[in-house]
Amino acid sequence: MEKSIEFSEQSVETGPTAANRHRLAIFSLMVASGFAGLGYEMVWTRAVTVALGHEIVSVLAVIAAFFAGLGIGAWFLDRPVRRSARPARWYAAFEFVIALWSVFLIVAIDVFNTLVSHWLGVAPAPVQHWLVAFGATFVLLLPATVAMGGTLPALQRVLASVNNRGRGSVAGLYAANTFGAVLGTLVTTMYLVPSQGLDATLLLLAGVNLCCALAALVMSSENIQSQPADDAGHAPTSARLGWLLAVTGFLGIGFEVIVIRVLSQVLENTVFTFASLLSVYLVGTAVGAAWFSRLRNTQTFEETLEKLVGSMAIAVLVGTGVLYFALPVHLSLTEWFGNGYVAAISGEMVLALLVFALPTLVMGALFSHLAEAARSSFGVGRALGVNTIAGALAPLMFGVFLLPLFEAKLLLLFTAVAYPLCVLPPKGYRSVWASAPLLACSVAMVTAPALRVVRVPEGGELLSYTDGVMASVAVVADARGT
């Protein structure tokens with residue numbers, strides 16, 4: 001069982017002032033770490049597109065590699081961090097590894113692009129293309145992403161020494177890390193890469209990691225030791241909690257992948273579009289986590305879980321409904337904001353907000369609820385590991401295998417249905433929070449039209465529509481039959 005940690009008598013300072021200063025430092029480190037992490041993701045996505053041949057391939061490959069590395073790192077690094085009396089030193093080591101590997105990638109990515117281009121050739125078979133894209137990208141980024149996976153568990157252990165038995169620390173740190181990720185996504189994509197270039201941006205982000213590492217080494221002078229944790233009470237079994245973390249991680253990223261594909265038929269469909277959509281997605285989860293961390297919840301774990309997954313199903317239905325109006329809404333936003341780069345980005349972010357706001361708000365709260373329960377079960381690091389490894393499978397399953405077989409509407413409604421279904425054992429359908437969304441999804445599957453965002457001219461018709469791995473293709477005839 002995980003044990004909370006608190007300052008020992010050897011601490012240099014005690015009292016509320018010192019504790020508040022430590023909390024501020026810890027949350028600042030989490031923001032900076034998130035900034036650098038998502039900044040790297042955006043740079044790496046741009047850099048490997050040269051070899052992989054298409055931005056959507058690069059996006060899916062980097063997301064999968066990023067989440068897989070995070071999950072592996074969080075799972076395997078959690079135990080040594082939890083057993084250490086000085087987790088701040090572990091955090092510093094992780095930040096040093098991230099910085100060093102990112103500098104190494106300045107040279108390695110050029111070699112990677114040359115080798116991958118040679119392996120793929122001019123016209124690779126689909127299986128070969130995706131195996132190389134996912135496998136090679138995963139290996140390339142693995143040292144940095146594994147180290148990133150250890151940062152949240154390490155700082156959670158440090159924060160637990162300041163808070164009262166670490167209460168609420170998981171949701172707060174997750175929110176801080178995600179807010180930093182939003183800043184990293186936007187600043188890197190919109191300013192650093194265009195003005196400084198890829199190599200200089202990697203060096204700047206590595207500098208952020210080095211500063212985090214040095215600050216953590218200063219903090220490591222505080223000696224902390226393991227103490228018995230508080231009783232979590234009403235927590236689920238480890239097996240069921242792991243199942244819930246895996247399913248919700250898989251469904252959350254799957255929802256993101258499908259929405260991005262649908263909106264790609266409306267928006268500019270560039271790396272700037274991806275950055276805009278990702279930043280809105282991250283803001284929503286951060287706000288949800290922050291809200292949950294401030295919530296005084298008096299209900300049992302199961303009661304809160306059932307309400308959250310029921311809300312998640314409803315939120316996905318609402319987001320899916322907004323997608324049907326994506327084209328007219330985007331045209332209206334374009335007229336409102338006018339022409340130009342800033343206007344285009346603003347319109348894309350507003351549309352993304354309409355689709356993502358409610359689902360991501362509940363996602364952040366749901367993950368925080370499960371992660372808080374994991375503190376007294378198998379640890380925050382392993383909770384993060386299970387959640388992100390399952391999330392790493394979503395781009396491959398939803399984007400490559402499922403979308404060409406099933407239309408976007410069915411996949412989104414499946415996602416909505418799957419959330420309440422995942423809590424069936426042991427609660428079943430006792431509550432309206434579980435049964436009402438299932439009924440609404442069943443009705444939508446039968447009555448809702450296909451989710452196809454196509455501009456058909458007046459008097460024309462849609463002749464053919466196909467969802468592929470890299471794009472959705474429509475054949476339209478105008479009023480003259482052309």
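Mentor: Let us begin with a term: an axis is a line fitted to C-alpha atoms, for a helix over the stretch in contact, and angles run from 0 to 180 degrees between N-to-C directions. Please keep in mind that this is a predicted model.

Trainee: How do the axes of helix α9 and helix α11 run, roughly parallel or roughly antiparallel?

Mentor: Helix α9 covers residues 301-323 and helix α11 covers residues 341-374; their axes come within 8 Å and cross at roughly 160 degrees. Angles over 145 degrees count as roughly antiparallel. Therefore α9 and α11 are roughly antiparallel.

Trainee: Which residues does the contact of α9 with α11 contain: how many are nonpolar, polar and charged?

Mentor: The crossing of these two helices, α9 and α11, is left-handed. The residues of their contact divide into no charged, four polar and 20 nonpolar.

Trainee: What is the handedness of the crossing in which α8 passes α11?

Mentor: Helix α8, residues 271-294, packs with α11 at an angle of about 35 degrees, the axes being 6 Å apart. The residues in the contact of α8 with α11 comprise 17 nonpolar, 10 polar and one charged. The crossing of α8 and α11 is right-handed.

Trainee: Why does proline 328 count as partly exposed?

Mentor: Proline 328 lies in helix α10, which spans residues 326-337. Partly exposed means between the 20% limit for buried and the 50% limit for exposed. Proline 328 is partly exposed because its relative accessibility is 44%.

Trainee: What distance separates the C-alpha atoms of proline 328 and arginine 455?

Mentor: Along the chain, proline 328 and arginine 455 are 127 residues apart. In the model, their C-alpha atoms are separated by 10.0 Å.

Trainee: What percentage of the residues in the chain is buried?

Mentor: The chain has 15 helices and four strands. Of its contacts with a separation of 6 or more, 84% are between residues 24 or more positions apart. Among the 482 residues of the chain, the buried share is 54%.

Definitions and conventions: Residues are numbered from 1 along each chain as its sequence is written. This is a predicted model: local features need pLDDT of at least 70, side-chain atom pairs count only at pLDDT 80 or more; totals for chains, interfaces and linings use all residues. Side-chain values use heavy atoms; hydrogens and water are left out. Angles under 35 degrees count as roughly parallel, over 145 as roughly antiparallel, 65 to 115 as roughly perpendicular and the rest as oblique. A crossing is left-handed if the near helix is turned anticlockwise from the far one by less than a right angle, and right-handed if clockwise. Ala, Val, Leu, Ile, Met, Phe, Trp, Tyr, Cys and Pro count as nonpolar, Asp, Glu, Lys and Arg as charged, and the others, Gly among them, as polar. Buried means under 20% relative accessible area, exposed over 50%, partly exposed in between (1.4 Å probe, protein chains only). Contact means heavy atoms within 4.5 Å.
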